[in-house]
Amino acid sequence: MVQPRDAAQAAKPVERSVPRADAAASMRFRRAVVDRAMQGVLGLAAASSIAVTLGIVYILISESVPFFRAVGLKTFLTDTMWTPQFAVPRYGIVPLLMGTLVTTMVALAVALPAGSIIAIWLSEFAPARLRETVKPVLELLAAVPTVVYGYFALLFVTPLLQRLWPDLPTFNMLGAGLVMGIMIIPYVSSLSEDAMRAVPMLLREGSFAVGGNKIVTATRVVFPAALSGIAAAYVLGISRAVGETMIVAVAAGQQPLILDPARPLDAMNPGQPGATITAFIVSVSLGDVQHGEIGYQAIFAAGLTLFVATLGFNVAGYLLRKRFRQAY
Amino acid sequence: MTSIERVIRFRRYQDIGFQVLGASLTVIALLVLGALVLDLAKTGLGRLSWSFLASFPSRKAEQAGIASAIVGSFYVMVVTAFTAIPLGVAAGVYLEEYSRRNWFTAVIEINIANLAGVPSIVYGLMALSLFVYTFGLGESILAGGLTLALLILPIVIVATREALRSIPQHIREAAYAMGATRWQVVRYHLLPYSTGGIATGVIIALSRAIGETAPLITIGALTFIAFLPPTPFSPRPEEDGGGLYGPFEWLDSGFTVLPIQMFNWVSRPGDAFLANAAAAGIVLIVATLGLNALAIVVRNRMRRRIRW
């Protein structure tokens, strides 16, 4: 029963082979055209990411060129006052850079040790099922909107710190930095943990065989072997901290630090208010700055500084991450 | 006790000590998250009511609400999703399935890694100059949505590439062996099989976008909006010419979003506004954590369904 039907079907194309071949050829042609066209469209989409970068670089530079013409690059980098709103405005980026530096250091003092220890614990100590539950929950820390963290830093963490240290002002870099550090923990821990778990079991077994315990194996064997991945995690954490905006804008105050040349180290005290580069851009954007005036151009100069600072970290992080992926 | 026994005992205590340290740090980190949620709930839950969700902002804290912020966030997300998803998926497909390994692809890859790390406020500066002034879009929903689309583009691209990478090579080879063109392989095999993975990435990206504040402040999104963008095909008021609104007129409307509304209330003096801020924060955190939970569910379902 089956045989003849197959035979009949097989015979069919032979009868109408000429039109069918035409149809097949035109279909092949159409397919080839669609294929080529789609390749072009998809390629354009991929190239658009380059266009975004070029757009960012072009705009930051072209908008801040008039600013640098007016202020001078040397003054921008060496003047120790940032007072755009004064009658005699001064545009030295150093106070804003110091604010960014201090909040970043506080954040890293929390995120790097805590993130590393959590990563080692998850990768080398915690049972697999616990790890698979804890990791996504921990990553929620990075999912909380930063303005909510700002609220938390200003209205929960700072009052808590004020109990220990009553002189602490309402707006301070300490609370903002600590909360920022908590936010960055999962950036550090997840990537570090991935890197450590990529280290082959053989290395651990070698260490156990010569009498190493878990912690010695983790810190002297696994950690160094995963170092490029862990370094990538650190670098990306730094980049996050430098670019973080809302936490510092809400909780660290929007007044630039006042540098005292006689006591330069005072600026490093996190128990005072201090604007970061990002907080400055926010405070100007909230105000009434006209397109084209120097205050408008100043935020692009600040943004350019920020972009250059994070560019280095981002590229270094990418290269380190690539290295740890290829290592084994 | 011999010295070797002492060493062994010491090493065992060392391990236990680290177990305690690691576990307690993890717990502390999670407790902070818990404290944040509880603190918001304590301050804001009392303010959270239907009238809070349905009212416009007001000078009087007790009458203020987040209607315009919720609607604004929604419209901005629509623009963001409709821009970032096609562009990001297309770019991801090209990089994973079409491009050869040459210097140009290497440049694109470094570039995407960098874009993912560029501070969000820098995107805001670019959008301020390009979208708001050069393209003349003004402080509109369109400008805001496009800004956030560029911001999440790298996340969508990376998620697409990872989803495609997890499809085994033999699926592609089988399709090519049947005479499929590259586009047909992508369209009829790779995209359907990677939908779950891409959807997970897109949801996470949108949850990030919904909480973004800084770039929208930079482009000049307003903090006090007491109107809603024109709903498509709703009647236009007589003094404004009458008739119906067009399908896309909302794109030109001014807007505010939830995180900006919350930021505005946080920076005002007075406890009443802080309660409003906390209540807005609850809505915001429910939205972002809800989206993240959704992403986890999608990922787990996909893992269970597909076994290569």
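I take a nonpolar core to be a set of buried Ala, Val, Leu, Ile, Met, Phe, Trp, Tyr and Cys residues joined through side-chain atoms within 4.5 Å, where buried means under 20% relative accessible area with a 1.4 Å probe and protein chains only.

**Basis.** I note that this is a predicted model, in which local features need pLDDT of at least 70, side-chain atom pairs count only at pLDDT 80 or more, and totals for chains, interfaces and linings use all residues. Residues are numbered from 1 along each chain as its sequence is written, chains are lettered from A and ligands numbered from 1 in the order in which they are written, and side-chain values use heavy atoms, with hydrogens and water left out.

**Core.** I looked up the largest nonpolar core and found 180 residues; A:Ile56, A:Val148, A:Phe280 and B:Met262 have the most contacts inside it. Helix 4 (residues 94-125) of chain A gives the most to this core, namely 16 residues; helices are DSSP runs of H or I, at least four residues, and strands are runs of E, at least two, numbered from the N terminus. I then followed A:Val148: leaving aside residues up to four places away in sequence, it touches B:Leu36, B:Leu40, B:Met262, B:Gly281, B:Leu284 and B:Ile285, a contact being heavy atoms within 4.5 Å.

**Chain A.** I recorded 13 helices and two strands in chain A. Its radius of gyration, taken over C-alpha atoms, is 29 Å, well over the 20 Å that the globule rule (2.2 Å times the number of residues to the power 0.38) gives for 328 residues, so chain A is more spread out than a compact globule. Of the 328 residues, 50% count as buried.
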